[in-house]
Amino acid sequence: MRNTKARETAWTGMLFALAIALSYLESLVSPLLGLMPAIKLGLSNVVVMYALLFLRTRTALLLVVLKALFAFLTRGATAGFLSLCGGGLSLVVMLVLLHLPISGYIFCAGAALAHNLGQLAGAAVLLSSAMALGYAPVLLVAGLAVGGISCLLSRALFAALPVSAGEQRQGSPFKK
């Protein structure tokens, strides 16, 4: 029992560090690609997806909360709140999609769209609904594109993982 808890804690710490590093990397790359503010590639969300598909739901939820806390500590309360709204809704949608026979693209695009919609809902709470909804079409199109990128990365990453990485969760759209 103790070994299992230690292993889970170590995995969570390593995945959190990876998510933060990827988040920093995409904050450097996004402006170079000419992306509008608030549009990111979603690389750190692939880490949450990995936790959900290969580890436990609890680990994925903990990563969402830790990412939001990190955003809160480094970029302020608004960033932390929006991160929690986006990450939380994305995780809920991924959990629902695991029970449906869908493709990897639908899974990733659904998660990306949910993330953007969660952030829009959070922005609507903080600002006015009209201001947040004005940005919705851009974020929805971006979610479809980012979902495709996430799908390609996830498919390549999950296929390259050794068997010792663990079994994928039932319903995973990335089964070998």
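User: Which residues line the second largest pocket?

Analyst: In this predicted model, the lining of the second largest pocket is made of W11, M14, L15, L18, L22, L43, V46, V47, Y50, L153, L157 and L161.

User: Which helices do they come from, with at least two residues each?

Analyst: Helices α1, α2 and α7 each give at least two residues to that lining. The largest share is from α1, with 5 residues.

User: How many of the lining residues of the second largest pocket are nonpolar, polar or charged?

Analyst: The lining of the second largest pocket has 12 nonpolar residues, no polar ones and no charged ones.

User: And what volume does it have?

Analyst: The second largest pocket holds about 230 Å³ of space.

User: OK, now the largest pocket. What is its volume?

Analyst: About 960 Å³. Its lining has 43 residues, and those closest to the centre of the pocket are A38, K40, R75, H115 and Q119.

User: How does that lining split by class?

Analyst: The lining of the largest pocket has 26 nonpolar, 13 polar and 4 charged residues.

User: Change of topic: S44. Where does it lie?

Analyst: S44 is part of helix α2, which covers residues 43–54.

User: Is S44 buried or exposed?

Analyst: S44 has a relative accessible area of 4%. That counts as buried because the cut-off is under 20%.

User: What does the side chain of S44 make a polar contact with?

Analyst: The partner is the side chain of K67, at 3.1 Å. Leaving out residues up to four places away in sequence, S44 touches A19, L22, S23, E26 and K67. One of these, L22, is also in the lining of the second largest pocket.

User: Last one, G143. Which helix is it in?

Analyst: G143 sits in helix α7, residues 136–160.

User: Why does G143 count as buried?

Analyst: Because its relative accessible area is 0%, and buried means under 20%.

User: What does it touch, leaving out residues up to four places away in sequence?

Analyst: G143 touches A109, A112, L113 and N116.

Notes. Residues numbered from 1 in each chain as written. Predicted model: local features only at pLDDT ≥ 70, side-chain atom pairs only at ≥ 80, totals over all residues. Heavy atoms only, no water. Helix = DSSP H or I, 4+ residues; strand = E, 2+ residues; numbered from the N terminus. Buried < 20%, exposed > 50% of the residue type's maximum accessible area, 1.4 Å probe, protein only. Contact = heavy atoms within 4.5 Å. Polar contact = N/O pair within 3.5 Å; in protein donor to acceptor, adjacent residues only side chain to side chain. 1 Å grid on protein atoms, 1.4 Å probe; cavity = no way out; pocket = protein on both sides within 12 Å on 5 of 7 lines; lining within 4 Å. Points joined across faces, edges and corners; volume = space filled by probe spheres on them. Nonpolar A, V, L, I, M, F, W, Y, C, P; charged D, E, K, R; others polar.
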